Amino acid sequence: MSDNGFELDIFREAYDKAVAANAKGDVSTARRYFYQAADIMARLAENSEPPLAEQRAERARKLKYIADNLTAQRAATGENPTETGRFLTAAKPNERISFDDIVGLDEAKSAINGLLINPLKNPRAYEKYGIKAGGFILLEGPAGTGKTTFAKAAACSLGMTFAEVNANSLVDSYIGKTGKNIDALFDEARALAEQKGEPVVLFLDEIDYLAQRRGGENKTAAEAVPALIKQMDGFSTGADNIVLIAATNIKQSLDPAVLSRFSHVINIPLPTEAERKKLFAAKLKMLDDADLSALDLDDAARRAVGFSGRDISQAASELKNALAARDAGIDAIDVPLSTLLASIIDKRIDKNV
C-alpha cells in the first residue's frame, strides 16, 4: 500500500515539536507531541507492507515509551496545568507582536484586516451594511509559515487575549472523551473571556488532526467533528465573546461540514525569494558588520526555494552557532561565510528531499 503523505507530514511536524519542547524543558508539551507522533506512526504501520510495517510499529512503541517516561518526569517535578485551564495556554503579557514584525504576507494581512480586525474595531459602521464582525477564520498553508504568529498578531492588533490550544491535546482514546474535551475547551474559553471582561481570540492549531474527513475507521473524526460543529453552531447563543481562528496545513483534509462553517479562509504561503532575503537579514541582523557583509543573502534566498520561515530561522541559527564557536575559539571556520551558509541551506534541502 502507498504511504499517506499527509500523515507522514503531520508525523514529522509532531516529532520535531516534541523534540524541541523537550529540549526547552516543556515536559507536558513534549509528552503530548510524542504521543501524537506515536499514534500516527502506529496507523502508518497498520497500512504498510512488511518489513516496513514492523519497523514503523517498533518506532511507534519507542515513541510511546519516551512519552510514558516524560509523564513520570512530569509527576516527579510536580508540574501543574496552566492557570487558564486544562487545555488553553494564554499568551504572556510580554508576548506582543504586530503585523509590522511579520515579513511579507501582505495579502493575508489585508484579508485579516478586512474580514476581522476592521469590523471588530468599527462595529457600527459595518453593522449598517449588515456585516457582522467575527465569524470563523481558517488559516491554511504549509507547516512553518507562521500561522500561529499571524494569529497572535491579529489578537494584539485587537487588544485581545490570545489563547492557544493544539487540537491533538483534545483527542482521547476513551469513547466519548474527545467530545467532552472539546466542550470543556470552549467552556474554558468563555470563562477566560468572562474573567478578562473582554473577548478572547481562541486559536485552534492543527485542526486537521481533530477534524479530518469522517468515514472508514477514523474514530477520532467520527466523535470530534459533531462536537466541534455543535460548538461552532452555538456561537450565536452565548459565545460571541470568543473569536475563533483555526490553522491547518491541508484544508482539503478537513471534514466538509467543518470546513463549510469557516466563513473565511486565508492562505499563509511560503515566503517569496524577496521575502526569504528579508527573513535571512532579520534573523542575522545581530552579526558583526564584517560578518554580515561577507554573506551573500541574495544567493541564500535563491537557494532556499521552498523554505518556510521556520526553515530559514533554523538555518540562520546553525550559522550563528558556528560563528559563536569560532568566537569562543572552539572551532575555526575555514570557508567563506557565504559558502558556509550555502552549505547549511543545501544540507537542509537534501534532508527534506
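Predicted model: local features only at pLDDT ≥ 70, side-chain atom pairs only at ≥ 80, totals over all residues.

Trainee: How many bridges join β2 to β6?
Mentor: Four bridges link β2 with strand β6, residues 264-267, and the two run parallel.

Trainee: And how many join β2 to β5?
Mentor: Five bridges there, and β2 and β5 run parallel too. In that pairing, Leu-138 stands opposite Ala-246 of β5.

Trainee: Which residues sit on which side of β2?
Mentor: Phe-136, Leu-138 and Glu-140 are on one side, with Ile-137 and Leu-139 on the other, and both faces are covered. In a regular strand, side chains alternate between the two faces of the sheet.

Trainee: OK, cores next. Which residues touch the most other members in the largest nonpolar core?
Mentor: Leu-185, Leu-202, Leu-204, Ile-207, Leu-228 and Val-258, out of 34 residues in that core. Elements giving two or more residues to this core include β2, β3, α7 and β5. The biggest giver is α9, with seven residues.

Trainee: What is Ile-207 in contact with?
Mentor: Leaving out neighbours within four places in sequence, its contacts include Leu-138, Ala-246, Leu-228 and Val-258.

Trainee: What's in the second core?
Mentor: That one is separate and has 25 residues, among them Ile-97, Ile-137, Ala-247 and Ile-268. As a general point, nonpolar side chains tend to be buried together in soluble globular proteins.

Trainee: Switching to helices: at what angle do α4 and α6 pack?
Mentor: About 35 degrees, with their axes 10 Å apart. The crossing is right-handed.

Trainee: Which residues make that contact?
Mentor: From α4 they include Ile-112, Leu-116 and Lys-109, and from α6 they include Phe-150 and Ser-157. The contact residues divide into eight nonpolar, one polar and two charged.

Trainee: Last one: is Glu-13 buried or exposed, and why?
Mentor: Glu-13 counts as buried because its relative accessible area is 8%, and the cut-off for buried is under 20%.

Trainee: Where is Glu-13, and what does it touch?
Mentor: Glu-13 lies in helix α1, residues 5-23. Not counting residues up to four places away in sequence, Glu-13 touches Ala-143, Glu-206, Asn-249 and Arg-310.

Key
Residues numbered from 1 in each chain as written. Heavy atoms only, no water. Core = buried A, V, L, I, M, F, W, Y, C linked by side-chain atoms within 4.5 Å. Buried < 20%, exposed > 50% of the residue type's maximum accessible area, 1.4 Å probe, protein only. Contact = heavy atoms within 4.5 Å. Pairing = 2+ DSSP bridges. Axes fitted to C-alpha atoms, helices over the stretch in contact; angles between N-to-C directions. Left-handed = near helix turned anticlockwise from the far one by under 90°. Nonpolar A, V, L, I, M, F, W, Y, C, P; charged D, E, K, R; others polar.
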